[in-house]
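Please read them with the structure open.

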Amino acid sequence: MYIQPNTVIKIYSGVPLDNTYKHTLYFSTIANQNAYFHGTQSILKHTLPVQSYQRVVQNKMRVAVKADLLYDCNYIAFQNTNFGQKWFYAFLLSAEYVNNETSEITFEIDVMQTYLFDITLKSSFIERQHSVTDKAGDNLVEENLAIGEYQLDLD
């Protein structure tokens with residue numbers, strides 16, 4: 001049975017995310033997430049419509065973009081529209097030359113952005129947080145840490 005290629009691949013440059021997850025973006029709705037990833041033209045570098053089905057677990061895909069045009073890219077998104085409306089977001093780890101018109105992208109799924117609206121965030125204990133403003137003395141809270149007696153080493 002022939003399935004017409006209908007996957008959309010988007011390639012981004014300058015997305016402020018990486019696979020260390022030290023920093024991530026939080027969106028309160030899918031519409032806000034879509035507005036950022038699919039509406040912010042300053043980060044979108046390539047849009048490839050009508051592509052073949054992309055597998056999530058293989059972590060590689062071939063695209064009809066010259067490798068030199070991908071070296072400054074750091075993020076991708078793809079949607080297998082023949083099989084659902086879910087967008088998969090991923091960190092672009094490398095782009096390798098295959099031939100003059102094709103590159104192989106190695107990627108790692110960004111589990112935070114891909115599954116953000118498939119999970120329920122529960123109440124959590126926050127160890128530290130930033131104050132709303134940056135005024136001096138705005139967020140002074142005694143931590144009651146037992147630090148013991150000060151000792152000086154004069155050697």
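The points below cover the sheet, the helix across it and the salt bridges.

1. The model is predicted. Its open sheet has six strands in the order S2-S1-S4-S5-S6-S3, with antiparallel pairing. Strand S2 (44-51) and strand S3 (60-63) are the edge strands, each pairing on one side only. From one strand to the next, the twist averages 30°.

2. Within the sheet, strand S5 (residues 88-99) and strand S6 (residues 102-109) pair in the antiparallel sense over eight bridges. Alanine 95 stands opposite isoleucine 105 in S6.

3. Helix H1 (residues 30-39) lies across strand S1 (7-12), strand S4 (75-80) and S5, and runs at about 20° to S5.

4. There are four salt bridges in the structure. One of them joins lysine 45 to aspartate 72, with the closest N and O atoms 2.4 Å apart. Lysine 45 is in strand S2 and aspartate 72 in the loop between S3 and S4, 27 residues apart. Lysine 45 is partly exposed at 34% relative accessibility, and aspartate 72 is partly exposed at 44%.

5. Glutamate 104 forms a salt bridge with lysine 60, at 3.7 Å between the closest N and O atoms. Glutamate 104 counts as buried because its relative accessible area is 18%, under the 20% cut-off. Lysine 60, at 40%, is partly exposed. Salt bridges that share partners join Lys60, Arg62 and Glu104 into one network.

6. Aspartate 118 and lysine 86 meet in a salt bridge at 3.0 Å, N to O. Aspartate 118 lies in the segment after helix H2 (111-115) and lysine 86 in the loop between S4 and S5, so the pair ties together parts 32 residues apart in sequence. Aspartate 118 is exposed at 52%, whereas lysine 86 is partly exposed at 30%.

Technical notes. Residues are numbered from 1 along each chain as its sequence is written. This is a predicted model: local features need pLDDT of at least 70, side-chain atom pairs count only at pLDDT 80 or more; totals for chains, interfaces and linings use all residues. Side-chain values use heavy atoms; hydrogens and water are left out. Two strands pair if DSSP finds at least two bridges between them. Helices (H or I, at least four residues) and strands (E, at least two) are DSSP runs, numbered from the N terminus. Axes are lines fitted to C-alpha atoms, for helices over the stretch in contact, and angles run from 0 to 180 degrees between N-to-C directions. Contact means heavy atoms within 4.5 Å. A salt bridge is a side-chain nitrogen of Lys or Arg within 4 Å of a carboxyl oxygen of Asp or Glu. Buried means under 20% relative accessible area, exposed over 50%, partly exposed in between (1.4 Å probe, protein chains only).
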